[in-house]
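Please look over the protein chain shown here.

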Amino acid sequence: MVTKQFSGSADEADLRRADSLAREIFSDVANKWALLIIEALGDRTLRFSELRSEVEGISHKMLTQNLRMLERNGLAARTAHPTVPPRVEYTLTGPGRGLLATVDAMCEWTHRHIADIDEARRRFGD
C-alpha cells in the first residue's frame, strides 16, 4: 500500500482536503472496528483471541485488517513471542493512547445521548 508522506505542509494537515495525509489517517481510524479495538485495548496488552472476544461481532479478517492498519499508523504495537504455539500481543502506543481519550469521550457521549438518539430514530421511522 502506498501512503502519503508528511512534507510539513499545512495542506497535508488539512482534513478538508481530499488528498491530504490527515484525511487519509482520519479515514483509516474513523471506522467502527478501529474505534472498538482501541477501546478494547485501552491500557491493556491483549492477544488476538482476547481482542476478538472483547469486540463482539468482528470477524477474523476485519480484526486482522484493522490491527495491521493501527500498527501501520503507529497507534498499536504488535509483539510476537517466540513460543510454540506463537504468542502475539497488541498494545496501544503513545499516539494510540492519545486517541483512546477521544474514543472514551465518544463512548461517554453515546451513553449520555443514547435515549435522545433512540427517540429521534423512532420519530424518523427506523
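What follows is a short report on this chain, part by part.

## The model and its numbering

This is a predicted model: local features need pLDDT of at least 70, side-chain atom pairs count only at pLDDT 80 or more, and totals for chains, interfaces and linings use all residues. Residues are numbered from 1 along each chain as its sequence is written, and side-chain values use heavy atoms, with hydrogens and water left out.

## The whole chain

The chain has five helices and three strands. Helices (H or I, at least four residues) and strands (E, at least two) are DSSP runs, numbered from the N terminus. Read from the N terminus, the order is α-α-β-α-α-β-β-α.

The C-alpha atoms fill a box of roughly 55 × 40 × 25 Å along the principal axes. Of the 126 residues, 29% count as buried. Buried means under 20% relative accessible area, exposed means over 50%, and partly exposed lies in between (1.4 Å probe, protein chains only). The accessible surface comes to about 8600 Å², and 55% of that belongs to carbon and sulfur atoms. Such areas come from the Shrake-Rupley method with a 1.4 Å probe; for residues, only the protein chains shown count as cover.

Now take contacts between residues at least 6 apart in sequence: 43% of them join residues at least 24 apart. Contact means heavy atoms within 4.5 Å.

## Helix α1: one buried side

Helix α1 spans residues 21–29, and its buried residues are Leu-21, Ala-22, Glu-24, Asp-28 and Val-29. They cover an arc of only 160 degrees around the axis, so they sit on the same side of α1. The arc is that of the directions from the helix axis to the C-beta atoms. The cover over these residues includes α2, α4 and α5 (94–124).

## Helix α2: largely enclosed

Seven of the ten residues of α2 are buried, so this helix is largely enclosed by the rest of the structure. They are Trp-33, Ala-34, Leu-35, Ile-37, Ile-38, Ala-40 and Leu-41. Their cover includes α1, β1 (45–47), α3 (48–54), α4, β3 (87–92) and α5.

Helix α2 (residues 32–41) packs with helix α4 (residues 60–72) at about 75 degrees, with axes 10 Å apart. That makes α2 roughly perpendicular to α4. Axes are lines fitted to C-alpha atoms, for helices over the stretch in contact, and angles run from 0 to 180 degrees between N-to-C directions. Angles under 35 degrees count as roughly parallel, over 145 as roughly antiparallel, 65 to 115 as roughly perpendicular and the rest as oblique. On the α2 side, Trp-33, Ala-34, Ile-37 and Ile-38 meet Met-62, Leu-63, Asn-66, Leu-67, Met-69 and Leu-70 of α4. These contact residues divide into nine nonpolar, one polar and no charged. Ala, Val, Leu, Ile, Met, Phe, Trp, Tyr, Cys and Pro count as nonpolar, Asp, Glu, Lys and Arg as charged, and the others, Gly among them, as polar.

Helices α2 and α5 pack at about 105 degrees, with axes 9 Å apart. They are therefore roughly perpendicular to each other. Leu-35, Ile-38 and Glu-39 of α2 meet Gly-96, Leu-99, Leu-100, Val-103, Asp-104, Met-106 and Cys-107 of α5. This contact has seven nonpolar, one polar and two charged residues.

## Two single spots

Gln-65 is in helix α4. This residue is partly exposed, with a relative accessible area of 39%.

A cis peptide bond joins Val-84 and Pro-85, with omega about -5 degrees. Pro-85 lies in the loop between β2 (76–81) and β3.
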